Amino acid sequence: MKAPLEGVLVVSVEQAVAAPVCTGRLREAGARVIKIERSGGDFARGYDRVAGGDSSYFLWANLGKESAVLDFKDPDDARLLHGMLARADVFVQNLAPGALKRAGFGSRALRRKYPRLITCDITGYGSAPGLEGMKAYDLLVQAESGLISINGGKNEPGRVGVSICDINAGMNAHAGILEALLSRAQTGHGSGLEISLFGTAADLMTVPLLHNDYGDKAPARTGISHPSIAPYGGYSTRDGHTIIIAVQNEREWRRFCEIVLKNPDLARDKRFDSNENRVRNRQELDMLILAVAFSNTRSGLAELLKAGDIAYGYVNGLGELSTHPALRRRLGLSSEGIPISLPERAVLHSEIQDSGQNIPRAPAVGEHTEKIRAEFA
């Protein structure tokens, strides 16, 4: 079978993480992606050099793309970009707000000129009054959106350990573009998409925000425990490991008390006979569970949890992730041609067979500029 997006042309004026993640997913589904860079290249190229000379984020988000260096202030380069957009299906950009409009490539004007074009603008704060020029890197948005306030331990807030606002904004853009392609297939017309990092973070914050607006109070930081379900958190074993135990309903709670805690009467204790009561009395409950956990090794506690059909997971580090039996891998090549092992794509199409012969490579800055000039001039 052909890849789902084979024949789709995506032109992206992109940098950093959000837009490259979006277009990287489109490329993985078969689209041709032309990445437009400034003369110095996408600044994410300079984050680090751990991936065969490329930065880790850059390699992950840019495999298989073509890179062209253009200067929109140059009339010839502006004409070249218009030549590309006349044939493109999708145009993605995440430059500073207004930058492309000032250069003559605003999304509304482009859709009037090219009615079948789908445009996708990724910004920090959307069109919020007074915030148009505010820089919006991932950690800043984690802070502004309150995401940091609910992460970390009781006494110290913490950043989510990956660029979650950038990555999720890219995923939202990817989903929106797929919806727009389906809509165009029905109507024949393109459409405009707007995605902001802050809006993405606010969407992720829906549950704690509802607790703040309609509940008694906002959820407190609870480390590696769930703020609104108990027991659902980490417990230390005698041999120095931590296991996450997750009880999701009253049926599981009764089994947990009987088989793991060896105390079936605890299921009817008024302090713990509902999830709300267990959360309210979490400290007392945790002391009971910790006593059992610490009397067992990791493997011993895991066997008890298996016997009770209770969900659990080990708190692993990156070393354990690297050798985890569920981790599937694929190969990519750095811009210097060095093989790099990455996690397999999150979405696999069972009908499409990957022979493994065409290993995608991250492009060097402007590697395809002359080829693209010849094609679209």
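The entries below go from the sheets to the helices and on to the side chains.

**Entry 1: before starting**

I reminded myself that this is a predicted model. I read the local features with that in mind.

**Entry 2: the parallel sheet**

I began with the six-stranded sheet. In what order do its strands lie? I read off β3-β2-β1-β4-β5-β8, an open sheet with parallel pairing. I then looked for the edge strands and found β3 (66–69) and β8 (192–196), each of which pairs on one side only. From one strand to the next, I get an average twist of 20 degrees.

For one pairing I went into detail. Strand β2 (residues 32–37) runs parallel to β3, and four bridges join the two. Within this part I noted Ile36, which has Ala68 of β3 opposite.

**Entry 3: helices against the parallel sheet**

Helix α3 (residues 75–87) lies across β1 (9–13), β2 and β4 (90–93), and its direction makes about 140 degrees with β1. Helix α8 (residues 197–204) lies across β5 (118–123) and β8; here I note an angle of about 65 degrees to β8.

**Entry 4: helix α1**

Is helix α1 mostly buried or mostly exposed? I find ten of the eleven residues of α1 (residues 18–28) buried, so the rest of the structure largely encloses this helix. Among the buried ones are Arg25 and Arg27, listed along with Val21, Cys22 and Leu26.

**Entry 5: the antiparallel sheet**

I moved on to the three-stranded sheet. It is open, its order is β9-β10-β11, and the pairing is antiparallel. Which strands stand at its edges? They are β9 and β11; each has a single partner strand, so one side of each has no neighbour in the sheet. Neighbouring strands here are turned against each other by 25 degrees on average, with direction ignored.

I followed the pairings one at a time. Strand β9 (residues 232–236) and strand β10 (residues 242–246) are joined by five bridges, and I noted Thr242 in β10 as the bridge partner of Ser236. These two strands make a hairpin with five residues between them, and Gly240 in the turn has a positive phi of about 85 degrees. On the other pairing, four bridges join β10 to strand β11 (residues 311–314). There Ile243 has Tyr314 of β11 as its bridge partner.

**Entry 6: around helix α12**

Helix α12 (residues 282–294) lies across β9 and β10, at about 45 degrees to β9. I then looked at Ser295, which sits in the loop between α12 and α13 (298–307). Ser295 is partly exposed, with a relative accessibility of 44%. What lies 2.7 Å from a polar atom of its side chain? I found the backbone oxygen of Val292 there. I also checked Ser295 against Thr237: they are 58 residues apart along the chain, yet their C-alpha atoms are separated by 6.9 Å.

**Entry 7: aromatic rings**

I searched the whole structure for aromatic pairs and got eight. I picked Trp253 and Phe272, an edge-to-face pair with 6.5 Å centre to centre and 70 degrees between the planes. This pair links distant parts of the chain, 19 residues apart: Trp253 belongs to helix α10 (residues 250–260), whereas Phe272 is in the loop between α10 and α11 (275–280).

Which residue lies over its face? I found Arg298 there, 3.8 Å from the ring centre.

Conventions:
Residues are numbered from 1 along each chain as its sequence is written. This is a predicted model: local features need pLDDT of at least 70, side-chain atom pairs count only at pLDDT 80 or more; totals for chains, interfaces and linings use all residues. Side-chain values use heavy atoms; hydrogens and water are left out. Rings of Phe, Tyr and Trp (its six-membered ring) pair if their centres lie within 6.5 Å; planes under 30 degrees apart count as stacked, over 60 as edge-to-face and the rest as tilted. A charge sits over a ring if NZ of Lys or CZ of Arg is within 6 Å of the ring centre and within 35 degrees of the ring normal. Two strands pair if DSSP finds at least two bridges between them. Axes are lines fitted to C-alpha atoms, for helices over the stretch in contact, and angles run from 0 to 180 degrees between N-to-C directions. Contact means heavy atoms within 4.5 Å. Buried means under 20% relative accessible area, exposed over 50%, partly exposed in between (1.4 Å probe, protein chains only). A polar contact is a pair of N or O atoms within 3.5 Å; within protein, one must be able to donate a hydrogen and the other to accept it, and residues adjacent in sequence count only if both atoms are side-chain atoms.
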